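Visitor: Hi, could you walk me through this one? I'd like to ask things as we go.

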Amino acid sequence: MNELMPEQFMFLSAALFIIGMVGVLTRRNVLVIFMCVELMLASVNIAFVGFAWEFSQMTGQIFALFVIAIAAAEAVIGLGIIMALTRQRDTVDINEVRELRQ
Amino acid sequence: MDANLLSSYIFAVIVLNVLLGLMAYMTYIERKVMAAMQDRIGPNRTGPVGLLQPIADGLKLLVKEDIIPKHADRRIFLLAPLLSFVLAPVAAAVIPFGDSITVFGHEVNLYVADINVAVLYFLAIGSMGVFGIILGGYASANRYSLLGGLRAAAQVISYEIILGLSLIGVIILSGSLSLVEIVNQQSETLTIGPLQLPNWFILSQPLAFIIFLIAAVAETNRAPFDLPEAETELIGGFHTEYSGFRFSFFFLAEYISMIVISLFAATIFLGGTDGPIQDGVWWLALKACIFLFFYIWLRTTVPRFRYDQLMGLAWKVLLPLVLINILLTGFIRLWGLGML
Amino acid sequence: MAAEVLIFNLLSAVAIVSAVAMITMRNPVHSAIALVLTFVNVAAIFIMLRAEFLAAVQIIVYTGAVLVLILFVLMLVNPDDLPEFHSGKPMQNVFGFGVGLILLAEISVAILTRTVVAEPGPWNEEGVAAAGGNIQVIGQLLYSGYVLPIQATALVLLAATIGALFLGRPDEDQEPSPKRRTVATISLAHTRGADDDLIPALRAANIKREAGDRDLIMARDADEFTTSAEEEEKKGQSE
């Protein structure tokens, strides 16, 4: 294996995405879940940039740029919600936030 | 190994060692200048006119006991000063210290790397540097340290934005993010009527220069913006619990980032190695020294800001100013290109 | 180019190991540090894939801003209140890992059996170098064909800023009862806000603190917990 294969970055992207997803499903701390979501967004960026590299295109990089911008907006809102949550409910445990269920 | 790569490595080692040596004597010069400004004598006992004082200080810090608080988060406590110390000199890699010279028949470039995202690289490394402070403050298991870390996080994020935006004007004018290219453009001559001026960006971007200067002081956590370590209220802030050589790592990192950001400012706004006679690295050194003197001057003159004043300055004064500067520069650039 | 493959594999391995560390660490601050390591490795991989601009943006936005903010919020939360990883919900963990494995199998099949349909574009190494570099190409494309998406992104960022201001504003009308108050915010401007002797709400709630606890006592706004000890005494006497 002397050349960088497209499969390599695709597997890397998939692995990071799945790790992030497992984290979202198993952890209970809102902040860790939030970090896992950030990891999933970053893993998608690897796939975008990788395909751009494979096909000598720039579209993938531009999409990754938009994803980063949206991720920043999402981070701001998410952390704002977490701050409001800790102030109102005094918890960051996702299992204790069940207002909509009851 | 590639000869170019090898010469880059060697040059990086030289730059690193020069930075470390300069940093030691920076503390000496700071104490001397502050003493002169405050009508004192300053260090004068160790060696001739106190010249060996930095070495004595370093030795003293190295042989001190290394204390780790009982309730500290041990791994992070050990990691944080290293993080700070390693990231501080890394940003110097993109600063051009001159054109290429010939050594033993090889052409050696006087910069470690000329990358086309040099300005962004500098900002990226600068934004990573704050992790050492935040984690150090968190791991110490001390409320004052934690407050110092929190203040550092808020302060650096705010002033990072100002720092980045103040460089946009220069980037619009130069059309490049490579520092080598920016320096080359500044070595041209600007002719305004009878005046022959160097094309330094301080002349075309004076507002951006002033804002950059303020943001750089805040970014390096120096007085009057040294809120994270404000000794009168936080007794040392994030490094209260650190002792011996771990403390000296934080100390070194602060001075190195001061020197590096001075070199960066001299490169971006004052033409780097460009000078009236015989261009060379000495001009860069002279310009950086002016900035460093300015740092010390500020520390002796201006009292520390209050926290709300600090944040208010960033978001209510500097941010609108820097946005106006970008807008004006953009219009002038388009007008100059005849596209308006 | 065996060295390139080796470096890529090394970076990927570190990224994956630290990502796994992130979801298994009990202390969320350790998780955040592991995530920093993952993001730095991802940025290095971006450089290998000829995306220097994105690598710089990745470091500045993700590690420089988002993770610093996450650490900021983490430090405002009492570490004793953080839920543990394996905490009485084994079904949740088994389900999570099961779904992850199934998804991994599906994606592996998709990757290994894929057929390339796209034509190679003009932006190979020579094309990018001829246009002046990665940033120049991205700039030209971004401000010619993607003007509308840029405006939309700007609007999204503006909306996010306004939303964050709305969420972060101090709420005047409703105070949570002091009994529930074990996690709160800290006043940055007033260090005396960290002194629990001065906090009537805590005293009323009769929350005892063990020696060596690392919890934080927080002020809702700057003036709340800055009453001096004398004023407190006076109040006590009048009562």
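Visitor: What's the handedness of the crossing where H5(B) passes H8(B), left-handed or right-handed?

Guide: H5(B) passes H8(B) in a left-handed crossing, meaning the near helix is turned anticlockwise from the far one by less than a right angle. Helices here are DSSP runs (H or I, at least four residues), and strands are E runs of at least two, numbered from the N terminus. This is a predicted model: local features need pLDDT of at least 70, side-chain atom pairs count only at pLDDT 80 or more, and totals for chains, interfaces and linings use all residues. Residues are numbered from 1 along each chain as its sequence is written, with chains lettered from A in the order in which they are written.

Visitor: New topic: how many residues do chain A and chain C put into their contact?

Guide: Chain A gives 65 and chain C gives 81, where contact means C-beta atoms, placed from the backbone, within 7 Å.

Visitor: And which element gives the largest share of chain A's side?

Guide: H3(A), with 22 residues. Chain A's side divides into 44 nonpolar, 13 polar and eight charged.

Visitor: What's the mean pLDDT of chain B?

Guide: It's 81, with 94% of chain B's residues at 70 or more; pLDDT is the predictor's confidence in each residue, from 0 to 100.

Technical notes
Two residues are in contact if their C-beta atoms, placed from the backbone, lie within 7 Å. Ala, Val, Leu, Ile, Met, Phe, Trp, Tyr, Cys and Pro count as nonpolar, Asp, Glu, Lys and Arg as charged, and the others, Gly among them, as polar.
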